[in-house]
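Have the model open as you read.

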Amino acid sequence: EKKPPAPPSLETALDRGSAHSRDRAAHDRDHAEHSHDRAEHSHAQAEQSHDCASHDHDHAAHSHDHAAHSHSHDHGRPSSITTARERFGIDSFVYTRRRPFSPSRLERVLSLLPANTKAVFEDRLPADDDDELAAALGVLLRSKGFMWLAMSNDAAYYWSHAGSFFDAPILGRWWDTLPREYWPQDQVDGILADFQGDDGDRRQEVVFIGLDVVKRRATIENALDACLLTDDELRTYRAAENNAERRDLFSSTFFRKG
């Protein structure tokens with residue numbers, strides 16, 4: 001008699017895409033994941049085009065296979081996703097904002113991630129609400145996405161957290177900073193879909209995946225919102241003549257200069 005298959009482990013379920021949550025959260029995550037993949041590929045192409053134009057900028061190198069990116073959206077719910085959500089309580093949400101982060105305030109939040117960041121941020125003084133925020137972030141299994149930091153009007157930073165690992169490299173340049181002739185012609189519609197107002201495609205877009213993390217969404221979002229520039233800071237950011245001046249205004253001990 002054939003034995004029934006063993007139930008999937010948490011790791012297996014995650015590997016098979018169980019980070020999607022059900023209903024609306026599943027749609028949002030799916031959209032954001034495809035948006036990230038498309039934009040990661042696009043930012044890399046932009047960087048290559050920019051290099052070809054002989055501009056001297058130092059950006060992280062990324063290589064992507066065209067065939068590895070699919071822009072279609074699957075609104076179904078595979079059994080592995082349902083199993084992970086119902087067996088393990090894994091769900092997700094997407095944080096999206098259209099205002100730059102203050103690097104120094106964001107560093108405090110990053111110091112509380114369940115990752116090996118303590119040595120980097122050991123000089124950060126704890127705040128009154130750190131215990132609540134640390135508990136909320138402590139359920140995270142994975143988080144990733146794009147960041148717009150006030151120290152640069154050009155660089156698109158990449159939030160990359162998985163398990164005990166965290167890094168925030170420069171992925172490339174925002175498309176809004178490049179002439180249209182450097183845009184890949186087969187991706188123009190997708191690029192423009194991320195544009196909004198005078199800031200183009202600059203944005204915060206980070207996916208948070210964890211154990212019942214949706215229940216802690218408000219705590220995480222409130223902490224990140226507190227890292228966004230105030231109205232006065234935003235006016236100062238816009239008035240700066242160049243990124244060197246922005247770095248002086250909004251300094252960071254962690255993020256690479258963009």
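Helices α5 and α7 are oblique to each other, a label for angles that are not under 35 degrees (roughly parallel), over 145 (roughly antiparallel) or 65 to 115 (roughly perpendicular). Their axes, for α5 (residues 130–137) and α7 (residues 217–225), come within 9 Å and cross at roughly 120 degrees. Those axes are lines fitted to C-alpha atoms over the stretch in contact, with angles from 0 to 180 degrees between N-to-C directions. Helices here are DSSP runs of H or I with at least four residues, strands are E runs of at least two, and both are numbered from the N terminus.

On the α5 side, Glu132, Leu133, Ala136 and Leu137 meet Thr219, Ile220 and Ala223 of α7, where contact means heavy atoms within 4.5 Å. Sorted by class, that's five nonpolar residues, one polar and one charged.

This is a predicted model, where local features need pLDDT of at least 70 and side-chain atom pairs 80 or more, while totals for chains, interfaces and linings use all residues. Residues are numbered from 1 along each chain as its sequence is written, and side-chain values use heavy atoms, leaving out hydrogens and water.

Now look at α4 (residues 103–110), where Pro103, Leu106, Glu107, Val109 and Leu110 are buried, meaning under 20% relative accessible area with a 1.4 Å probe, protein chains only (exposed is over 50%, partly exposed in between). Down the axis of α4, these buried residues fall within an arc of 160 degrees, so they line one face. Their cover includes both α5 and α7, along with β2 (140–147), β3 (155–162) and β4 (165–167).

Finally, in the loop between β6 (204–211) and α7 sits Asp212. Asp212 isn't a glycine, yet its phi is positive, about 55 degrees.

Key:
Ala, Val, Leu, Ile, Met, Phe, Trp, Tyr, Cys and Pro count as nonpolar, Asp, Glu, Lys and Arg as charged, and the others, Gly among them, as polar. The arc is that of the directions from the helix axis to the C-beta atoms.
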